[in-house]
Amino acid sequence: MSSFADISNGIPRPKLVHTIDMEEKQSLEKVMLHARRSFVTNKTKHYDFRKKQLKSLLKFFEDENDELCRSVYKDLKKPTSEWTVHEFAQVTGEVRKMLSNLRTWMSGDVVPKDIVNFFDDVKIVPEPYGVVLVMGTWNFPVFSLFMPLIGAIAAGNCVVIKPSEHAPATARAIASLLPKYIDSECYPVYLGGVEETSELLKQKFDYIFFTGSPSIGKLVHQAASQNLTPVTLELGGKSPVYIDNTANLKLAAKRIMWGKTQNCGQICVAPDYVLCSKEVQDKFLKYAQAALHQFYGDNVRENGDFGRIINQHHFHRLTGLLRDQKVAIGGPSDPKDHFVHPTIVTDVHPDDAIMQEEIFGPILPIVTVESYEEAINFINQREKPLALYVFTGCKKVKKAFLRETSSGAVLINDVLMHSVADGLPFGGVGNSGIGAYHGKHTFDTFSHKKAVMERGTSMLIDKIDSIRYPPYNNTKTKLLKTVFRINRTLPVKYVPHLIMFSLGVAVTCGAYYLNKYIQNEVD
């Protein structure tokens, strides 16, 4: 089995948060023991406890907003506006959503009845899995960790919280501040790097939620399989953009370059590459250059609205991808500052290194195609992406991409915005992930859907049930076949009418024979 340390691509790995000594390693066992003991007390299952923890979590975000913002800036040079919109507003909004719907979601769902269980109470009751592991990633070190955590708490689980070691300032801030607000035995924060993460994954969890790259996601999935632990894997991949000549190219360029430069391109659903004709490419480049100037002026590096690459490891990976590429826009970089200028490259061949891995930075390659059919074939020959972006004004093209491609999501005439749409699940398919979350979908992800049926005990029900008990005969068998055949063909909404009709017939027949009996007695 591979380890986390094996995945380095020949580039020196960044320094980890810290090295845990033997005494600290032993605390992992204590963390698991306390979390497991806390869960079996059932306190996390109570509505009042969940509500209290969620309210405390909201207070944590509001009270520690400045400190978290500073920590994220230290790790990523993320502008305050991006912190506020991408992370703070998202997590606080998610907590409020959980608080508003918690009691309703906890109550479960009533299942529509059919003829066979018409007299029964049938429902689905959500129950927490138990002790779950949530592993965040570095590009959104607060959002990626707390969005699933919020749903896991709402669903009644105990959670071991693992921040990314590649955003060390944020990880330390979370570890030191969060225990002041929420129950630290139910929701412990565990720090560490590659070795500590490997040890963590050897523990038996009831559910694992991981956000990160497909390569690491495979290792998490492999580790989880040792205990048959269910997982949600929020991964990534190369999210393509198709543009045709019916699109509003000026608006398309503005939106695409906005999506490519947010968080310095370090977003799992960032547009990864463009598919378009040579004619569209030439127009797109002109509009893309204008958009970048509108965003950042003449000097992108000195503009405080543009972030930085997380570390030297990823800086060298990105600049390596530009080797031997034709740069149409951008290109400058600075290893000391981890600065990579927003860059567009053209004349890209499908076999180039830049097309073999998720870019995860402000670099946008363009591959020319002659038609939307060729673009669809290009996309379908590769792993299924987390997102697919289509810029077109043609209904035929929209329908073709929806019908003939598979991806975690499709967004037409914009990028990224589907990830903040209330009610939409966020997740991948195939190599881009397993499962989905956000809002109610997160609550459902961390809840086992338990089937519950309560049967009546009246004499009438027992009489009806008698046909299922031995001794069997042809009459019972035929009757059972009839019941199940009707059960599949007759809508349950007609059952009350059928019962009332049957009762009416029975009463009428009974009245007729009773009247006849009385007349015979009188005669």
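**Close-up views of a predicted model**

**View 1. The largest nonpolar core and the residues with the most contacts inside it.** This core has 138 residues, and those with the most contacts within it are Leu57, Phe61, Phe146, Ile243, Phe284 and Phe401. A nonpolar core here is a set of buried Ala, Val, Leu, Ile, Met, Phe, Trp, Tyr and Cys residues joined through side-chain atoms within 4.5 Å; buried means under 20% relative accessible area, exposed over 50%, and partly exposed in between (1.4 Å probe, protein chains only). With nine residues, helix H5 (residues 143–154) gives the most to this core. Helices (H or I, at least four residues) and strands (E, at least two) are DSSP runs, numbered from the N terminus. Leu57 touches Val95, Phe146, Ile150, Ile153, Leu178 and Ile182, not counting residues up to four places away in sequence; contact means heavy atoms within 4.5 Å.

A word on the model before moving on: it is predicted, with local features needing pLDDT of at least 70 and side-chain atom pairs counting only at pLDDT 80 or more, while totals for chains, interfaces and linings use all residues. Residues are numbered from 1 along each chain as its sequence is written, and side-chain values use heavy atoms, with hydrogens and water left out.

**View 2. Phe143 in helix H5.** Phe143 is buried, with a relative accessible area of 16%. Leaving aside neighbours within four places in sequence, Phe143 is in contact with His86, Glu87, Gln90, Val91, Pro148, Tyr437 and His438. Look also for Thr92: its C-alpha atom is separated by 9.9 Å from that of Phe143, though the two residues are 51 residues apart along the chain.

View 3. S3 runs parallel to strand S4 (residues 158–162), and five bridges join them; two strands pair if DSSP finds at least two bridges between them. Among these links, Val132 has Val159 in S4 as its bridge partner.

**View 4. An open sheet of three strands in the order S1-S2-S19.** The pairing in this sheet is antiparallel. Strand S1 (109–110) and strand S19 (447–454) stand at the edges, each with a single partner strand, so one side of each is left without a neighbour in the sheet. S1 and S2 pair over two bridges, whereas eight bridges join S2 (residues 121–128) to S19. Lys123 is a handy landmark in this view: Val110 stands opposite Lys123 in S2, and Lys123 in turn stands opposite Val452 in S19. Pro128 stands opposite Ser447 in S19.

**View 5. Asp75 in helix H3, residues 65–76.** The side chain of Asp75 does make a polar contact with the side chain of Thr170, at 2.7 Å. Such a contact is a pair of N or O atoms within 3.5 Å; within protein, one must be able to donate a hydrogen and the other to accept it, and residues adjacent in sequence count only if both atoms are side-chain atoms. Not counting residues up to four places away in sequence, Asp75 touches Ala167, Pro168, Ala169, Thr170 and Ile310.
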